[in-house]
Amino acid sequence: MDSAQENNDHKVDTRTEQEKAIDEWLPVTSSRTAKWWYSAFHNVTAMVGAGVLSLPHAMGPGVVILVLSWIITLYTLWQMVEMHEMVPGKRFDRYHELGQHAFGEKLGLYIVVPQQLVVEVGTCIIYMVTGGQSLKKFHDLVCSDCKDIKQTYFIMIFASAHFLLSHLPNFHSISGVSMAAAVMSLSYSTIAWTASLDKGVQPGVQYGYKSHSTAGTVFGFLNALGSVAFAYAGHNVVLEIQATIPSTPEKPSKIPMWRGVIVAYIIVALCYFPVALIGYWMFGNSIDENILITLEKPVWLIAMANMFVVVHVIGGYQIYAMPVFDMLETLLVKKLKFPPSFWLRFITRNLYVAITMFLAITFPFFDGLLGFFGGFAFAPTTYFLPCIIWLAIYKPKKFSLSWWTNWICIVLGVLLMILAPIGGLRQIIIDAK
């Protein structure tokens, strides 16, 4: 065993000094000193998006889907954590590296990178919109007599934080931001459902479908599917988070990582289920796409919750932006042979923040975007790509439990991918009118 391990260790580092230096400079691989609780709050920040606030809007049949999603995504997340080090002495630090191992160098990149980018960039744009919306809401609540300021300006104010924070070099350096964000997500979720409980069941509340036409009902349901899919999107950054945890043959990184994931999933359940169920129970189908908009009073509490959302979304944006920075910087340094430098980082990251800000200002319709992106890109990377990779690598026996579990997840995930964007697109068209 020891000699095999030594061989592995020799095998691992065939990197030149220059490659080592580059890996130590890149955001994902530069620091491997994280503890299991880092995994917990990074995962909470990555998963509990502001999407939690749109969950009551997706209830009704959404309850079953919400619970099913929680189970399926926990299973696929477990697969990702397991596969991080399935080749002895090698770590798949990035989602696309795992894809390349399963599908081959070229194909793995083509399959994983576009989807991962859509998710990460899409999330960053949606978080820009959410941050702007919540800042505006805070301003309108605290100062009801003030002159009305356009949402565009609030998105710019929100973006200004990222022009600074994006220069934190790696995952490890954003752990403080991430921890604050995780605490905030639990806080505003709690405010959302306690304030709903406090309001009580509204007079004349209705639990049926909002739409009176069959088509409207079906499309509404499809859009709700997308919202729920968006609520579980942490898989896109899970390998990158695990890459920050140290690993030895005796103590592989999957043990602390999995402990963190379990804690994160319990927190996620505490955030999602009460908000979704109590919000829907109190307001029925008259609820807004963002529950904090429905809850007007007590003003100070709702204003505070909106500020919490802002802090959380700042952390969330950073978590999703970091793998994108990693891809961009890898491309520039390894493929295009730019020297790793402060200026390279400064220009690429500021450009990225500027582009996401511009897109957020241009497309500020939140729920339709959520449904559209949710189905289109989140479903594959979260619900069924891990299963396909698992089947491709481990090749479980036909009709065994593992085989069935993976295929069921794949079928459900593909259905989600096809159906959810239809509802989202229709919502975008309605909003744009």
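1. Tyrosine 317 is buried, at a relative accessible area of 0%. Buried here means under 20% relative accessible area, exposed over 50%, and partly exposed in between (1.4 Å probe, protein chains only).

2. On provenance: this is a predicted model, where local features need pLDDT of at least 70, side-chain atom pairs count only at pLDDT 80 or more, and totals for chains, interfaces and linings use all residues. Residues are numbered from 1 along each chain as its sequence is written, and side-chain values use heavy atoms, with hydrogens and water left out.

3. The structure holds 18 aromatic pairs. Rings of Phe, Tyr and Trp (its six-membered ring) pair if their centres lie within 6.5 Å; planes under 30 degrees apart count as stacked, over 60 as edge-to-face and the rest as tilted. Tyrosine 317 and tyrosine 352 have ring centres 6.4 Å apart and planes at 50 degrees, so this pair is tilted. Tyrosine 317 sits in helix 13 and tyrosine 352 in helix 14 (residues 342-362), so the pair ties together parts 35 residues apart in sequence. Tyrosine 352 counts as buried, at 8% relative accessibility.

4. Phenylalanine 399 and tryptophan 403 have ring centres 4.8 Å apart and planes at 65 degrees, so the pair is edge-to-face. Phenylalanine 399 is exposed at 55%, whereas tryptophan 403 is buried at 15%. Elsewhere, ring pairs link Trp36, Trp37, Tyr38 and Phe41 into a cluster.

5. Histidine 162 belongs to helix 7 (residues 151-165). Its relative accessibility is 0%, so histidine 162 counts as buried. Leaving out residues up to four places away in sequence, histidine 162 touches Met128, Ile314, Tyr317, Gln318 and Val353. Contact means heavy atoms within 4.5 Å.

6. Methionine 327 is in helix 13 (residues 299-335) and is buried at 15% relative accessibility. With residues up to four places away not counted, methionine 327 touches Val113, Gln116, Leu117 and Glu120.

7. Now the whole chain. The protein has 16 helices and zero strands; helices (H or I, at least four residues) and strands (E, at least two) are DSSP runs, numbered from the N terminus. Its radius of gyration is 22 Å, close to the 22 Å that the globule rule gives for 433 residues, so the protein is as compact as a globular protein of that length. That radius is taken over C-alpha atoms, and the rule is 2.2 Å times the number of residues to the power 0.38.

8. Buried residues make up 54% of the 433. Among contacts between residues at least 6 apart in sequence, 85% join residues at least 24 apart.
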